Amino acid sequence: MYYVPDNTESCGFYECKECGERFLDTKIVPKMTCPYCGEVPSMEIGPDDELPEVTESAELLEVIEGAENVEKMDILLSLAITGGDYEWID
């Protein structure tokens, strides 16, 4: 599949409030860092550096459960990204 591994039983459906991107992720949390516009800060800091700020702009819209439902949602979202190109689907 495009967003999550095959036979995933449940996943989170997220929308980023910054860039508007919608995506699926195997982690199910209320908010997370957007994989498209957000940066996961490097926690390797020196003694004089400030702790980086983590921006969690992607919010959970829905929990998708069941392998068949996850697969359907993955295909629908990926068609929007690929422009309707069905070639990558097995």
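The protein exposes about 6200 Å², and carbon and sulfur atoms supply 46% of that area. This is a predicted model. Of its 90 residues, 28% count as buried. The briefing below covers the fold, the nonpolar core, the aromatic residues and two further sites.

**Overall build**

- The protein has 4 strands and 1 helix.
- From the N terminus on, the order of elements is β-β-β-β-α.
- Take the contacts between residues at least 6 apart in sequence: 51% of them join residues at least 24 apart.

**Nonpolar core**

- In soluble globular proteins, nonpolar side chains tend to be buried together.
- Here the largest nonpolar core has 15 residues.
- Phe 23 and Leu 24 have the most contacts inside this core.
- Four elements, β1, β2, β4 and α1 (67-82), each give two or more residues to the core.
- β1 provides the largest share, with 4 residues.

- Phe 23 lies in strand β2.
- Its relative accessibility is 1%, so Phe 23 counts as buried; the cut-off for buried is under 20%.
- Leaving aside residues up to four places away in sequence, Phe 23 touches Tyr 3, Gly 12, Phe 13, Tyr 14, Met 32, Cys 34, Pro 35, Tyr 36, Ala 58 and Leu 77.
- Two of these contacts, Tyr 14 and Tyr 36, also belong to an aromatic cluster with Phe 23.

**Aromatic pairs**

- A pair of aromatic rings is described by the distance of the centres and the angle of the planes.
- The model contains 3 aromatic pairs.
- One of them joins Tyr 14 and Phe 23, with ring centres 5.6 Å apart and 20° between the planes.
- That pair counts as stacked because its angle of 20° falls under the limit of 30 degrees.
- Both partners, Tyr 14 and Phe 23, are buried.
- Phe 23 also pairs with Tyr 36, at 6.0 Å centre to centre and 65° between the planes.
- This second pair is edge-to-face because 65° is over the limit of 60.
- The Phe 23 and Tyr 36 pair links distant parts of the chain, with its partners 13 residues apart.
- Tyr 36 sits in the loop between β3 (31-32) and β4 (58-65).
- With 45% relative accessibility, Tyr 36 counts as partly exposed, whereas Phe 23 is buried.
- Tyr 14, Phe 23 and Tyr 36 together make one aromatic cluster.

**Gly 20**

- Gly 20 is in the loop between β1 (10-16) and β2 (22-25).
- The C-alpha atoms of Gly 20 and Cys 37 are separated by 9.7 Å. Along the chain, Gly 20 and Cys 37 are 17 residues apart.

**Val 63**

- Val 63 belongs to strand β4.
- Its relative accessible area of 35% makes Val 63 partly exposed.
- Val 63 touches Cys 11 and Ile 28, not counting residues up to four places away in sequence.
- Val 63 and Ser 10 are 53 residues apart along the chain, yet their C-alpha atoms are separated by 7.0 Å.

Technical notes: Residues are numbered from 1 along each chain as its sequence is written. This is a predicted model: local features need pLDDT of at least 70, side-chain atom pairs count only at pLDDT 80 or more; totals for chains, interfaces and linings use all residues. Side-chain values use heavy atoms; hydrogens and water are left out. Rings of Phe, Tyr and Trp (its six-membered ring) pair if their centres lie within 6.5 Å; planes under 30 degrees apart count as stacked, over 60 as edge-to-face and the rest as tilted. Buried means under 20% relative accessible area, exposed over 50%, partly exposed in between (1.4 Å probe, protein chains only). Contact means heavy atoms within 4.5 Å. A nonpolar core is a set of buried Ala, Val, Leu, Ile, Met, Phe, Trp, Tyr and Cys residues joined through side-chain atoms within 4.5 Å. Accessible areas come from the Shrake-Rupley method with a 1.4 Å probe; for residues, only the protein chains shown count as cover.
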